[in-house]
Structure formats: structure tokens, C-alpha cells
Amino acid sequence: MTHKLSKNPIHLGLGATAEVEPEMTGDLSWYEGYGLRHGNDGAEGRLVSMYTFTESWDVWEMHPKGAEVVLCTGGEMTLVQEMEDGSHKRTTISNGDYAVNAPGVWHTADVEGEATAVFITAGEGTEHRER
């Protein structure tokens with residue numbers, strides 16, 4: 001059976017498992033449900049998801065317990081990482097390029113036009129703040 005990653009993310013869990021997730025709703029309740037379903041995997045669990053963006057993010061996010069891989073599959077986006085000294089590191093990625101957000105690094109993205117990316121995220125403890 002096939003699935004669309006943009007609708008049904010995948011959870012990569014302990015024991016090399018891969019579980020198809022319910023359809024993404026785009027609100028925080030979906031993520032709360034994800035945490036309830038897979039919280040026992042702790043920091044080793046990974047959420048694999050895909051999003052298409054038509055504008056820059058309006059939030060910063062941070063994943064304290066693991067790295068996040070961002071793989072651009074279409075268009076172009078600029079990842080902005082906030083370094084410990086408060087400076088910002090900007091990395092532009094396009095189709096086939098990827099970047100890594102290290103654990104604990106606040107990050108956001110700028111998008112002009114349209115960009116699609118696959119995210120492999122260690123989501124446990126993820127935090128958000130306004131941009």
C-alpha cells in the first residue's frame with residue numbers, strides 16, 4: 001500500500017520499525033496525539049514528514065533531544081539557525097540539498113516562492129516561540 005508523506009507522516013521507532021501515521025491535520029492536537037502514540041520511544045524515535053511552504057515561517061522551533069535533518073525536495077528555502085552568541089547562521093538549500101539542525105539550536109526558515117522539504121525530526125520536547 002502507498003501513502004503520501006505530505007498527508008501521512010512516518011514514525012521511525014525502536015527496533016527499526018516504521019509506522020504510518022494518521023493524516024496530518026496541521027494543528028497542535030495532531031502532535032499531541034503523536035506524542036501519546038510514540039512517547040515510549042523517547043529521544044530515539046523520529047518523525048518523518050513533508051511540507052510545502054509558500055511563505056516564511058512565523059515561528060522559531062528547537063528540538064532539545066536530537067538533531068533534525070531538513071531535505072529540500074523542491075524550490076529553495078533558507079534555514080536560519082540562532083547560534084549560542086545570538087548571531088544567525090543562514091543556509092540556503094534547494095532540490096536535493098539537506099542541512100542539519102543540531103540539538104538545542106533554535107531555527108526557522110525563509111521562503112520566497114514555494115519550497116518543499118522532508119523533515120526527519122527527533123521531536124521529543126520540541127519548543128516553539130514567536131519569530
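Author: Strands here are DSSP runs of E with at least two residues, helices are runs of H or I with at least four, and both are numbered from the N terminus. The model is predicted.

Reader: In which loop is A16 found?

Author: The strands on either side of A16 are residues 10–13 and residues 17–20. The place of A16 is therefore the loop between β1 and β2.

Reader: Is A16 buried or exposed?

Author: A residue counts as exposed when its relative accessible area is over 50%. The relative accessibility of A16 is 78%, so A16 is exposed.

Reader: What is the phi of A16, which is not a glycine?

Author: Most residues other than glycine have a negative phi. A16 has a positive value, of about 60°.

Reader: How many helices and strands are there in the chain, and in what order do the elements run?

Author: The chain holds one helix and 10 strands. Read from the N terminus, the order of the elements is β-β-α-β-β-β-β-β-β-β-β.

Reader: Of the contacts in the chain with a separation of 6 or more, what percentage do residues 24 or more positions apart account for?

Author: Contact here means heavy atoms within 4.5 Å. Among contacts with a separation of 6 or more, the share from residues 24 or more positions apart is 67%.

Reader: Which residues are closest to the centre of the largest pocket?

Author: The largest pocket has a volume of about 1,000 Å³. It is lined by 33 residues, and those closest to the centre are Y31, Y51, E61, T126 and H128.

Reader: Which elements each supply at least two residues of the lining of the largest pocket?

Author: By class, the lining has 10 nonpolar, 16 polar and seven charged residues. Elements that each supply at least two of the lining residues are α1, β3, β4 and β9.

Reader: Is H38 buried or exposed?

Author: H38 is in helix α1. Leaving out residues up to four places away in sequence, H38 touches H11, E19 and E21. The cut-off for burial is under 20%. The relative accessible area of H38 is 9%, so H38 is buried.

Reader: Which residues does D110 touch, not counting residues up to four places away in sequence?

Author: D110 lies in strand β8, residues 106–110. D110 counts as buried because its relative accessible area is 19%, and the cut-off is under 20%. R90, 20 residues apart from D110 along the chain, has its C-alpha atom 9.4 Å from that of D110. Beyond four places in sequence, D110 touches S56, M77, T78, V80, R90 and R131.

Reader: How far apart in space are E130 and A16, C-alpha to C-alpha?

Author: E130 is in strand β10, residues 127–130. With 73% relative accessibility, E130 counts as exposed. Beyond four places in sequence, E130 touches D58, V59 and W60. E130 and A16 are 114 residues apart in sequence, and their C-alpha separation in space is 35 Å.

Technical notes. Residues are numbered from 1 along each chain as its sequence is written. This is a predicted model: local features need pLDDT of at least 70, side-chain atom pairs count only at pLDDT 80 or more; totals for chains, interfaces and linings use all residues. Side-chain values use heavy atoms; hydrogens and water are left out. On a 1 Å grid over the protein atoms alone, a cavity is a set of points where a 1.4 Å probe fits but cannot get out, and a pocket is an open set with protein on both sides within 12 Å along at least five of seven lines; lining residues have an atom within 4 Å of a point. Grid points are joined across faces, edges and corners, and a volume is the space filled by probe spheres set on the points. Ala, Val, Leu, Ile, Met, Phe, Trp, Tyr, Cys and Pro count as nonpolar, Asp, Glu, Lys and Arg as charged, and the others, Gly among them, as polar. Buried means under 20% relative accessible area, exposed over 50%, partly exposed in between (1.4 Å probe, protein chains only).
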